[in-house]
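Trainee: I would like to learn how to read a protein model feature by feature, with the general idea first and the case at hand second.
Mentor: Then let us look at the structure together.

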Amino acid sequence: MIHKILIANRGEIAVRVIRACRDLHIKSVAIYTKPDFSSLHVRIASEAYEVGEHPLEGYLDPQRIVEVAKHCGADAIHPGYGFLSENYEFAKAVEDAGLIFIGPKPDIIRKMGNKNIARYLMKKNGIPVVPGTEKLNNENIETIKRYAQQIGYPVILKASGGGGGRGIREVHKEEDLERLLEDCKREAKAFFNSDEVFMEKLIINPRHIEFQILGDNYGNIIHLMERDCSIQRRHQKIIEVAPSPTVSENLRKTMGVTAVAAAKAVNYTNVGTVEFLLDDYNNFYFMEMNTRIQVEHGITEEITGVDLIVRQIRAAAGEILDLEQSDIKAQGFCIEARIVAEDASKNFTPALGKVTGYYPALGPSVRVDSHLYRDYNIPPYYDSLLAKLIVSGTSFDLVVNKFERALDEFSIEGVTTTLPLLLAISQSREFRRGFFDTSYTDKNLPMLLEKMQIYKNKKNKFKKEDDLSMVIIEAVKRFEEDLKEEEK
């Protein structure tokens, strides 16, 4: 068994992994750069080590992280999500150092990290993929235009090494193709250190359905049902639902079998996600495979009762998977909201500040994964995710009601967040009926912004009343103190 794990990450996911380590009585090691000295993951880990003064470089330095792990006697490294979690060279450096990488094997990360290679492997193994091209970098613009005509507009350009909504450009007409191609390549180079891009048919307003997969080192692989991640903004997920309220049992079974087949095609190990696009006619297409734990893993844990972080650790330690596909059954529904430090009313601009008050939602079937605490200063250097609200219910109608209630109770003071936007979504008719796809947020933004303003006005009214009450209370206290002085 593993005895000590270094978490090569920060924030919410580092806290989540540390708690899993505690559950397993495994020592945890946090790393941090100077701006994260007071972060919660540093406070609650068994040990913590600084990896540099620069906000980002320490989290992105494989050699430094491996050195710290060896120095402190860790026998494994958990990469979390983001940063180096899907970096083939990091996973290989960990294994070359004689340590355990808690994730899939390096060669799997390498293959699936390049969307072009992933598409090729899926097609080779009979997995449906969106019509598209190989890499375009060696082709001239006239040839690329011809590909687009053959596929049929609209098309979408994607970075081969992309993720997180970066390196993507939609092209609706030929005259925009060359300009958007160059934009896509520049962004791909900046974020993924490679300007390799390819083209696919743009599926209009699909649903984004992903299947959680779990495997051991001995070829045993199952799926843990699906998550509907269709509510997005700029290709970034906002709300996720498990299972999907509109996927039939027959379609779920077919997509699940396909997801497992995709994983077996690359001899997948540990935890990962197979992502599909689902059109209006229930045709589904492989989009990508994420070779790491997902931000939204919590809703799968809640509906299946399977602790995915614990399972990652156990699989990496060499345990045989003791679950079969027939063991996995949905226990109701679950919804997750990503609460981020952004101002939706100002085109989702990032928000910074000090958390002057933090009151997470509580009550039955409510879970909050977060690294926040009162007086925490939100640094400007990292992802803007502050907390994940996870709500469960026995039916979709009930879970939406609980979700709305929990969002209304949740309060983060001192910094602007997306809580008002999330509450507005929870109250919308389309969401409550399960009628949403990847175009939902853009199509409904004016209505959502209007609902947000009503919510803000209501909160401001209560705040003013609370402030007035405090003024009156303080005045009464001073009056009573003056009376006592006079009596003396």
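## Reading sheets, helices and rings

Mentor: Helix α8 (residues 177-192) lies across β6, β7 and β8, and runs at about 170 degrees to β7. Contact here means heavy atoms within 4.5 Å, and the angle, on a scale from 0 to 180 degrees, is taken between the N-to-C directions of axes fitted to C-alpha atoms, for helices over the stretch in contact. The model is predicted, with pLDDT of at least 70 needed for local features and 80 or more for side-chain atom pairs, while totals for chains, interfaces and linings use all residues. Residues are numbered from 1 along each chain as its sequence is written, and side-chain values use heavy atoms, with hydrogens and water left out.

Trainee: In which order do the strands β6, β7 and β8 stand in their sheet?

Mentor: Strands of a sheet pair through backbone hydrogen bonds, either parallel or antiparallel. Helices (H or I, at least four residues) and strands (E, at least two) are DSSP runs numbered from the N terminus, and two strands pair if DSSP finds at least two bridges between them. In this open sheet of 3 strands the order is β7-β6-β8, and the pairing is antiparallel. Its edge strands, each pairing on one side only, are β7 (168-171) and β8 (197-201). Between β6 (residues 155-159) and β8 there are 5 bridges in the antiparallel sense, and Lys158 stands opposite Phe198 in β8.

Trainee: How many strands form the sheet with the order β3-β2-β1-β4-β5?

Mentor: That open sheet is formed by 5 strands, and its pairing is parallel. The edge strands, which pair on one side only, are β3 (47-50) and β5 (100-101). Further in, β1 (residues 4-7) pairs with β2 over 4 bridges in the parallel sense, and Ile7 has Ala30 in β2 as its bridge partner.

Trainee: Which strands does helix α1 lie across, and is the helix mostly covered or mostly open?

Mentor: An α-helix has 3.6 residues a turn, so residues three or four places apart point the same way. Helix α1 (residues 11-23) lies across β1, β2 and β4 (76-78), at about 175 degrees to β1. The helix is mostly covered, with 10 of its 13 residues buried, where buried means under 20% relative accessible area, exposed over 50%, and partly exposed in between (1.4 Å probe, protein chains only). Among those buried residues are Glu12, Arg16 and Cys21.

Trainee: Where is Thr33 found, and which side chain does Thr33 join in a polar contact?

Mentor: Thr33 is found in the loop between β2 (27-32) and α2 (40-44), and counts as buried because its relative accessibility is 0%. A polar contact is a pair of N or O atoms within 3.5 Å; within protein, one must be able to donate a hydrogen and the other to accept it, and residues adjacent in sequence count only if both atoms are side-chain atoms. Here the side chains of Thr33 and Tyr382 are joined by such a contact of 2.9 Å.

Trainee: How many aromatic pairs does the model have?

Mentor: A pair of aromatic rings is described by the distance of the centres and the angle of the planes. Rings of Phe, Tyr and Trp (its six-membered ring) pair if their centres lie within 6.5 Å, and planes under 30 degrees apart count as stacked, over 60 as edge-to-face and the rest as tilted. By this rule the count is 14 aromatic pairs. The rings of Tyr59 and Tyr382 are edge-to-face, because their centres are 5.9 Å apart and their planes stand at 80 degrees. Both Tyr59 and Tyr382 are buried.
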